[in-house]
Amino acid sequence: MGGEVVRHWNADVNGISLHVAEQGPADGPPVLLIHGFPELWLSWRHQMAALAARGFRALAPDLRGYGDSTVPDDPAAYTVFHIVGDLVALLDHLALPKVMVVGHDLGAQVAWHLCLFRPDMLLAVVNLGVPFFPRGPSSLSEAFAGRDGLYIMQFQEPRRAERAFARYDVATVLKKFFSIEIDDLTAPPGVEIIDFLEARSTPLPWISEEELGQYAEKFQKSGFTGPINYYRMMDT
């Protein structure tokens, strides 16, 4: 069924170029895999192989701002309407009227909104890490006001997180996030979240050093501003 081969291609959709990794038979039931922060299509490499081996067509894009997809400069280009719009345009490009969707972390938020905006396109949804929560009476920035150490609030200020991240090599930044084992991502007063996080001293059990290097290569190219802009647009 061709499950051993990962095919890579780019599609011009919704005004950007979206990189997609695909595995499994082209005529198999499609499964759209939506990664989180700070991730790539690579986050789904094991699940893609398992799905392909069972006859599914696994589709894992690099979301806008990530990897080999377009990285818009304007933070306003990262609203949930843009992100969901990219995926709807991708499915239209592939002439797929209905798909199964799996989302993780921030990708789960995208999947929930895909459910809200285009329920007609979904056969089933699996979301990991982030439950659905409706829009509340206050924006997220209002709800978290005064919590400067919270990563979401530190991400709001233009270039702040990027300057802090630049004190480390890209692989270390990624490893710090991939090593998180705490529930509350709040740094002490006066401390940047990236300085507060600790990179595991031993190899991560779920990712090889070679795979970490693949992530780092892509983030070195595309940077962290695009991914952080998702948080800057959370109130929209």
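The model is predicted, so local features need pLDDT of at least 70 and side-chain atom pairs count only at pLDDT 80 or more, while totals for chains, interfaces and linings use all residues. Residues are numbered from 1 along each chain as its sequence is written, and side-chain values use heavy atoms, with hydrogens and water left out.

On that scale, Phe132 comes out as partly exposed, at 41% relative accessible area. Phe132 is found in the loop between strand E6 (122-128) and helix H4 (140-143); helices (H or I, at least four residues) and strands (E, at least two) are DSSP runs, numbered from the N terminus. Together with Phe81, Leu116 and Phe117, Phe132 makes up a nonpolar surface patch with about 410 Å² of accessible area. Such patches take residues with over 30% relative accessible area and no salt bridge, joining like charges within 9 Å and nonpolar side chains (Val, Leu, Ile, Met, Phe, Trp, Tyr) within 5 Å. A salt bridge here is a side-chain nitrogen of Lys or Arg within 4 Å of a carboxyl oxygen of Asp or Glu, and accessible areas come from the Shrake-Rupley method with a 1.4 Å probe, with only the protein chains shown counting as cover for residues.

Now for the rings. The structure holds 17 aromatic pairs, counted when ring centres of Phe, Tyr and Trp (its six-membered ring) lie within 6.5 Å; planes under 30 degrees apart are stacked, over 60 edge-to-face and the rest tilted. Phe37 is buried at 9% relative accessible area, and Phe155 is buried at 0%.

Phe37 also pairs edge-to-face with Tyr231, at 5.4 Å centre to centre and 80° between the planes. Tyr231 belongs to helix H10 (residues 225-232), so the contact with Phe37 links parts 194 residues apart in sequence. Tyr231 is buried too, at 4%. Phe37, Phe155 and Tyr231 are among the members of one aromatic cluster, which also includes Tyr66 and Phe219.

Key
Buried < 20%, exposed > 50% of the residue type's maximum accessible area, 1.4 Å probe, protein only.
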